[in-house]
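Welcome! Here is a short tour of the pockets and the ligand in the structure shown below.

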Amino acid sequence: MKAVLVANPKGGSGKTTLSVNIAGLLANQGECVALLDLDRQQSASLWIESRPVNLPNISTLESRKEEGHLDDWLIVDSAAGMHGKDMTDALKLADKIIVPISPSIFDLHASRDFLEALSQEKKSRKGKYDIGIVGMRMASNTRASQALEHFLATLDLPILGYIRETQIYVNAAFEGKSLFDLPRYVAEKDVAQWEHLHGWLTKH
Ligand SMILES: Nc1ncnc2c1ncn2[C@@H]1O[C@H](COP(=O)(O)OP(=O)(O)OP(=O)(O)O)[C@@H](O)[C@H]1O
Ligand SMILES: [Mg+2]
């Protein structure tokens, strides 16, 4: 099983949106996917509860343990402000870490500090996990989105993609759906933005 931790202590950076859509993407590829929700707000768990039963199944880790079933993927949504032992424990779970960053000066500052801490932690663990970055809520021709692109270009980390700002994710979440559960004609343009991330997840 591969465990993917979605983490950024900055509140509202896009962790849950990214987590549930990665789960939806993999489930729609026929993979066995479980979500682990480390956030006390339980947003990802509520999303699963509202997921229509006719869609590709995504389990919670708890239900999977009860079934004694091993999944192909465990997607871990983490909480704002997570740090210290909670963060270290979450990192220990992970084969891959994805850091969503939203375009604002506050997000850039907070994320830079987190990435610094993450790279120290990775060194001390001798690189046992891969780290990738996703630019969230991108809006063309805005200062904040351009600043985020410039910032990411200075990092020595793979950029897995840029996800545009759109209500498609917000509306899908109301129905327990991901982008990948929507009809092709609605989602095509946005699905294309996930191609590189998907390749990075599945390459090894
Ligand atoms: N690509 C997008 N387009 C439009 N809205 C988005 C997009 N991505 C996320 N959002 C919205 O931004 C807000 C924050 O996203 P989300 O809840 O995923 O962040 P989070 O990091 O999980 O927040 P928290 O730290 O509170 O757990 C939500 O209202 C979500 O619907
Ligand atoms: Mg969240």
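## The second largest pocket

Helix α8 gives the most to the lining of the second largest pocket, with 3 residues (helices are DSSP runs of H or I of at least four residues, strands runs of E of at least two, numbered from the N terminus). A pocket here is an open set of points on a 1 Å grid over the protein atoms alone, where a 1.4 Å probe fits, with protein on both sides within 12 Å along at least five of seven lines; lining residues have an atom within 4 Å of a point. Among the 13 lining residues, L25, Q29, F180, R184 and V191 lie nearest the centre of this second largest pocket.

## About the model

This is a predicted model, in which local features need pLDDT of at least 70 and side-chain atom pairs count only at pLDDT 80 or more, while totals for chains, interfaces and linings use all residues. Residues are numbered from 1 along each chain as its sequence is written, chains are lettered from A and ligands numbered from 1 in the order written, and side-chain values use heavy atoms, leaving out hydrogens and water.

## Ligand 1 and its pocket

Where does ligand 1 sit? Its place is the largest pocket (more than half of its atoms lie within 2 Å of the pocket's grid points). The elements that give two or more residues to the shell around ligand 1 are α1, β6, β7 and α7, and the largest share, 3 residues, comes from α1.

A polar side-chain atom of R137 lies 2.7 Å from an oxygen atom of ligand 1, and a backbone N or O atom of T16 lies 2.8 Å from an oxygen atom of ligand 1.

Definitions and conventions:
A polar contact is a pair of N or O atoms within 3.5 Å; within protein, one must be able to donate a hydrogen and the other to accept it, and residues adjacent in sequence count only if both atoms are side-chain atoms.
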